[in-house]
Amino acid sequence: MSQPASILVVEDEQSIASFVSLYLKNAGYGVRAVGTGSQALNAVAAEMPSLIVLDLNLPDMDGIEICRRIRKNSDVPIIMLTARDEDVDKIIGLEAGADDYLTKPFNPRELVARVKSVLRRATSDRRIDEGDEIRHGDLLINSGRREVLVGEDEIQLAPKEFDLLWELLDHRGIVLTRDQLLERVWGYTFAGDTRTVDVHVRQIRRKLGDASPIVTVWGVGYKVATERTTAPAA
């Protein structure tokens with residue numbers, strides 16, 4: 001029998017860590033919980049988990065710094081927990097490389113559903129061929145190297161930013177709704193928080209500048225035009 005996926009829960013509030021761990025264990029995952037950033041980094045260095053649930057506010061260092069350090073060496077999925085329902089927290093977390101976020105207080109069943117979706121997407125047999133690349137104007141994206149170039153300049157995108165940009169480029173001329181993008185990029189098969197898509201699009205546009213090919217289709221979703229045009233801001 002294969003080993004269950006391992007989840008590292010990084011949360012200093014013992015009550016939250018306990019019920020999150022309980023729900024994840026009941027869902028069949030192996031769970032380890034730690035309460036500080038240093039413990040989290042040590043746990044990751046010792047044995048990389050399948051996914052990390054990471055609180056934004058920890059006593060010794062914030063989740064943003066932990067996320068950035070992990071992203072230097074790994075694309076392990078990270079779901080960040082934020083204490084406030086403010087876009088600035090989400091933008092900073094997603095920019096640092098988090099795959100998704102939940103705002104406290106949250107339903108633990110939703111967290112389990114998100115974990116299942118993110119892991120299903122991460123381990124899906126559907127893979128982009130390593131030699132594939134897409135060019136759009138000055139923009140070049142290579143799937144094997146997970147590299148994004150604007151002219152000769154390399155642009156650093158977080159993992160889900162890369163996946164979202166690839167999905168839109170791969171469907172040039174087709175409008176994809178936010179729910180479709182949540183399913184295709186994050187693996188959600190339920191109505192998730194579509195702001196996740198909007199925040200990622202905003203980050204891609206900020207990083208790519210005038211080279212961003214993403215066009216907003218108001219009231220529907222996003223698309224990439226079949227020919228290079230300047231994309232309007234959201």
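I began with Asp-153, which counts as exposed at 52% relative accessibility (exposed is over 50% relative accessible area, buried under 20% and partly exposed in between, with a 1.4 Å probe and protein chains only). Asp-153 sits in strand S9, residues 153-155, where strands are DSSP runs of E of at least two residues and helices runs of H or I of at least four, numbered from the N terminus. I also looked up Leu-139, which is 14 residues from Asp-153 in sequence and 9.7 Å from it in space, C-alpha to C-alpha.

I note that this is a predicted model, in which local features need pLDDT of at least 70 and side-chain atom pairs count only at pLDDT 80 or more, while totals for chains, interfaces and linings use all residues. Residues are numbered from 1 along each chain as its sequence is written, and side-chain values use heavy atoms, with hydrogens and water left out.

Next I looked for aromatic pairs (ring centres of Phe, Tyr or the six-membered ring of Trp within 6.5 Å; planes under 30 degrees apart are stacked, over 60 edge-to-face, the rest tilted) and found 1 in the structure. Phe-19 and Phe-106 form this tilted pair, at 6.2 Å centre to centre and 45 degrees between the planes. Because Phe-19 lies in helix H1 (residues 14-26) and Phe-106 in the loop between strand S5 (100-103) and helix H5 (108-122), the pair ties together parts 87 residues apart in sequence. Phe-19 is partly exposed at 29% relative accessible area, whereas Phe-106 counts as buried at 12% relative accessibility.

Last, I checked helix H8 and noted that 10 of its 14 residues are buried, so it is largely enclosed by the rest of the structure; among them are Val-197, His-200 and Arg-205. Just after H8, Gly-209 takes a positive phi of about 60 degrees.
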